[in-house]
Every structure is written in structure tokens, then in C-alpha cells.
Amino acid sequence: MLRKLSTLALLASCLVSQAQLDKEVKMNQFITILMQKMTLEEKIGQLNLTSVGFDVTGPILSQGVEEKIKKGLVGGVFNTYTPVAVRKLQDIAVNETRLKIPLLFGYDVIHGHRTIFPIPLGLSASWDPALVQRTARAAGDEAAADGLNWVFSPMVDIARDPRWGRVSEGAGEDPYLGAQMARAMVKGYQGDNFILDNTVLACVKHFALYGAGEAGRDYNTVDMSRLRMYNEYLAPYKAAIDAGVATVMTSFNEIDGVPATANKWLLKDLLRKQWRFNGLIVTDYTAVNEMIAHGMGDAKKVGELALNAGNEMDMVGEIFLNNGVDLVKSGRVSQATIDAACRNVLEAKYKLGLFDDPYRYVNEARNKTAIMNEAKLALSKEAAIKSMVLLKNANQALPLNAAKKIAFIGPLVKDHRNLIGNWSGAGDWKKAVSLWAALEQKFGADKFLYAKGCNLVDDPALRKRLNDHDGQIVLDEKTPEQLIADAVQTAQQADVVVAVLGEAFGMTGEAASRSMIGLLDNQLDLLKALKKTGKPIVLVLMNGRPLTLSWENENVEAILETWFAGTQGGAAIADVLFGEANPSGKLSMTFPRNVGQVPIYYNAKNTGRPFDENQKYTSKYLDVPNTPLYPFGHGLSYTTFNYDDIKLSKATITATDKLQVSVHVANTGNYDGVETVQLYIRDMVGSITRPVKELKRFEKVSLKKGESKDLSFTLTVEDLKFFNADLKWVAEPGDFKVFVGTNSQNVKEASFSLK
Ligand code: NOJ
């Protein structure tokens, strides 16, 4: 019987792959025939990705753009959505061009399209890939209902420097967690093979190492050893490729002295040959042109470099469009290179089904039902709740008791705009539920005290910078002194103060690096004034990066990190504050004590002189401990969890064995709760130095008050492997430690060896 079943399964898999093969042959034939009809100009036109904005009446078409589309000189557009606007452009492409090739429609759908979910850094703090996949699915569904067929997400750049504004867009510092999130998002957006018309092309970015810019400054130089790349930075990109991501975006930074967009090693050797990526490569926004400023040559030269490195679509800069023909005619770029690039663009369109139906994503009826529907709003709230991280909770200050007199103070209490964060795409901030609105809805008006307390940003220079670029920071009519005085008076009437503070959305995201990453001075002044009232303070943070919170940690009772929580953010925060939901998020990025500790990350090396209190010449600072304020993986709950000692199934394993790592976890507090149990390993001796800890597994476990569970993780030799000095993926025999715990610092440990 078994034999029969497996024969059937084999047959089925052969049939599937035969069917896939047939499909591919058909696609290749179609594209070959189409390309035989194309001129060189038209082929190069397919490589042109142009940005077209729109307003209520449709796309804002300059004469130039319209003419280009008509001449077949545009392969795809981005920044235009809605069925009406997309139809208008697609009409031109399929009715007014010689070959009627449909356009791709891309957009920066980063954490939701219309319904906004928490920022990606927040989503990753859920440590819940299935949840993240659902948010990407919902975003893809909305995008597809809005005419789009391509999203520029996920961003999977590992980041260890919270000064970098774009940490908000990624999944933090860890390659293993990052890889899980990358996979989840690709699957969420793309579904299975674009069979359904609500699945869209995903685009993993920014390839590669964009998160490692020096000093946390955006677009800055990256210089990194191959060992570090392979062992610490590349896993999330690779995970996206293995999950079948359809497109890859190059990064702005250089690698080994060559900008990623011209880097043949990166795009050809690593991406195409080693990883066998066969989808579409698109540059970042004007990244080809920017190679002129990098000092790589003039427009023609950088076009030549980018094409020969394997870029296929040129985002916005039109270097390919303006120089491609000359480059081919002069022999600097081969016809075969252009053909291969054009073929990949056409393949993406074919896979989406656009040649069968160019209007596949233009569906007004679907648009009405899919966007911001009840299910998506519920998911937005669920994701916001599961992303929040309880950083501190002394004296069980949280959850709040609604019978007490509570004062909500701060410029973000009533705020909608910042709640949806940066890169909130087509999200309408006016539809975001503020904390105050949620409180009113839950408890009725006038239940709580309120004072604004301070401006979100007082500093004129910073305000100008933010407002120059859509910051929308408006100063209050009252002076800062009056605002604080009002807040103090309000606090004095209360039993407990909830201060809602953080960053303006424009302080995170692209081109939003900060050299100091604490609360702004005026917000800290408010907090200090509130502290003087002697009232217990709960600090609710809305922000897009790890902040330095040393003073806050010392001086307030509780700190709840809510990130920029999205469309339902306020409702989610209200549920958590009053205990209807119990926070369960865990940091995916270390919170330093001060900026001088940066870069700081848990999977660091031991060095030859690890810190020793009794020795002078050890690796340390004189003025701050080596440890972070809140480590990677940290996050409290309203309940408490106890971990028993780890049990191992064996003390020694061979390369073919499985090691069971078991631990008993008990909910010892007063609430039902969810704990993320984390497993790390350390390779004690290696042919290259190995990190002091590496995350290898995690599991979320839901435990009722008083309940306990045995958890078991299975490790194999695969989990012990790393890239050695020859970049070979190996496990080396020897001693290992395994740690299980509630965060990367607070763990139980055991030892085993690999024979
Ligand atoms: C530049 C950003 O780096 C990238 O992430 C984004 O997708 C493009 N602009 C398009 O807006």
C-alpha cells in the first residue's frame, strides 16, 4: 500500500513538473516570437521603469511620459494606483503602441497598502511569521485591487545601527529571524505562482548590505568581509530568493568599492550563479545615475556598467533609455545582454497573466470590497497588538485600572498622522484610529484627563527639515512653558500618568538618520516635569527605531513600545493598556544604553579579551557597561514565565543524529499570556571565530495562568553549520552550548558536542 502511494506521489510530482515545463516552453515561445518583432529601441524601452504620480482625475501625464509610453519606451510605471488611473495608462500601452505590450504597475507597499499595519520593525517584533505572511497577503490583495501588480517589498537589510532611519523598514538585526520574515512576506505577496489575480510580484531589497552603511548614515559606504556577509548579512536575501521572489532591487551602497548596481560579483556570481535567481533585477531609484557621483564615470559609462552587471530595469533615471542604443551599437553592451534583460521583463508580465488580460488587476468591483474591509482592519489591530513590546513594567503599573483617575499626556495621544508611520504608501492617516479616539470609543468621552504637554518637535532646525519634506509638524499656540505647566497641573489631578511620546514619522525611514536617538529634548523636559509630580508614569512610545531610554528606564514605572502601529494602532494600544490584550512582542533589534555603544548586537564575537570586571585590559567602555539597555529578544508580559533547566536527548551527536532540546515553561503570573521561547547556540571552538550566541529556533507558546508546557526543539548538524574561511558551508566537530530563554541574555544553558 505504502509503495503504491509513493509511486503515485512520484507520478504526481512528475506530472506537475511536466506541466510546469510545458508552461515554461509555451512562455518562452511566446516571448521569443514577440521579441523577434521588437526593435532595439523597443527592447530598451521595456527596461525603463518610470514614476507617474496621479490625482483624483487620473495619472499626471506629462507630454513626455505619454509620448514615451506610446512609442513603447516604457516597461513599467510606479506611484500610480486605483483602477481608474491604472486603466488609463494601460489603455495607452495596449491600444496605442505598436506591439501592445502591457505595463507593469509597481508601488512601495511596505507595511500595508491602504490598511496600514505596524512598521516592518514592529511586525518583526511579533516573532510570528504566519502573522506577517497574513499582513503581506492582505497588503497584496489590496494592492492588486487597486490596479497594482508589483510591490517593492520586503526590505530585508540586516541592521545593527539604530541611527539609520531605515531600520524601521526591516526586520532588525538577526539573520535567522530576518530570513523567516523575508520568506513570510514573499509568500504573502506572491501566493502560489500568480494563479490568483490578487497576488503580486514581490521585490526583495536592497541587494545588498544596505543596512551596513557607515555611521548609520543613509546611502553611505559599506565595506565588509565576505565572511561577515555570508555568515551575518546574506541569509534574508537568500531566503527570499528560495521562497521564489520574482524581483530583486539593487542597493545604493557600494560593496568592495563598486556600487551594488555595477557589481558583477554581486549580481552575476552570487545572485545568478550561486543562488540561481532567474527573476527580474531592478535598480533602486536613479541608482544608475548616482554612480556618476560615486565616481564611476559619465552617464554612458555608468549605463554600460549597470547593464553589463546584469541590471534589467532602470528605475526613473532613464540612463538605459538614453544610452542603450549607442552602447549596443558601439559594442560596449552586447545585443544578448539587452535581449536577456528584455526577456526577463516580459517574463514577469507573462507570469502575471498580463498578456492574456492586461486589465487583470483593474477591477473596480473588487476595489470596493477588498480595500479596508472589516477583515483587514481586524488584522491591522491584531498585528499591532502582537507587535508591541513591553520594555519595563515595575510594580505592575500595567495594565491600567480604568477605575483610577488617569491622565493621558503628550503630543501623540490624539495624533493620527504619525501613527501610520513612514512609507505608509496609500494609507490615509485620517482613517487611522488615534489612541484618544479609541479611549473615547471604549470608555465614552470625558473619562480621562488630557494635556498635550509639548510639541512633537520643538527644535526649529529639525522641524524645518521635516516640514520641508511633508513632515506636517505644527507648533501649538501655547508656549512650551505653558504646555508643560498645563500638563503638570493635569497630572496632579490624576492617580497615574500615561505619557505618549516618540518620534515624528518623518524622523524614520529613508534619508532620516539621527545621530542622537533619544526622545527629543522638549519631550524629555516634559517627562522630567511629570516625574516631579511624584505620580507613577507609564510611557507609551510611538517610534520607528531602537531609542536610547536610560533616563526613562530609571524614572518611569512602565514602558510600552508600540512602534508606529498602523491604521488600528490606537485601538490596539487601548486594549493593551487596559489588559484586554497581553503584550507578547520581543525586540528584533537591540536597544542601546547610549549612542556610543552603536553598533551593538547580540550575536557579537567574544574577542580575545572579553570584559572582566577585575581586569583593566579587557574589552569595555569606562563610562557605560557593554550590555545594552534592552537586549535582542527582550519583551515582558503582564504575566511571568519560569523556565526549568534544559534537557538534552544526547551529550554527543554525530552528523546524522538529531538533538532534542527540551524545556519546561510555566506561566507563573496572574494572566494568560504568550511567550516566545528562544533557542540560541554557541560554537565554542572554530576554524574562524564564532559569535557568542546565534538564534536557531523560536516558538510562541500560549499558556493560561498556572499552565505549563514541555517544549522540544530538534537540532541537526545543519543548524551547526557556518561559512568557513573558504566560504564552504560546514559544521566543525567540537563543543557547543545551547541556550533557551526569554531573551538573548536571560537563558538556561547546556552543553553538547559534535563528533
Ligand atoms: C528608493 C528606496 O530606496 C526604495 O526602497 C524604494 O522602493 C524606491 N525608492 C522606490 O520608491
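Here are a few friendly notes on the predicted model above.

1. Some ground rules come before the details. This is a predicted model, in which local features need pLDDT of at least 70 and side-chain atom pairs count only at pLDDT 80 or more, while totals for chains, interfaces and linings use all residues. Residues are numbered from 1 along each chain as its sequence is written, and side-chain values use heavy atoms, with hydrogens and water left out.

2. The protein has 22 helices and 29 strands (DSSP runs numbered from the N terminus: H or I of at least four residues for helices, E of at least two for strands). Its radius of gyration, taken over C-alpha atoms, is 27 Å, close to the 27 Å that the globule rule gives for 755 residues, so the protein is as compact as a globular protein of that length. That rule is 2.2 Å times the number of residues to the power 0.38.

3. Along the principal axes, the C-alpha atoms fill a box of roughly 80 × 70 × 60 Å. Of the 755 residues, 58% are buried (under 20% relative accessible area, with a 1.4 Å probe and protein chains only).

4. Now look at contacts (heavy atoms within 4.5 Å). Among those between residues at least 6 apart in sequence, 79% join residues at least 24 apart.

5. For a local example, find helix H6 (residues 129-145) and helix H7 (residues 175-190), which pack at about 35 degrees with their axes 7 Å apart (axes are lines fitted to C-alpha atoms over the stretch in contact, and angles run from 0 to 180 degrees between N-to-C directions). Residues making this contact include Val-132 and Ala-136 of H6 and Met-181 and Ala-184 of H7.

Definitions and conventions. Buried < 20%, exposed > 50% of the residue type's maximum accessible area, 1.4 Å probe, protein only.
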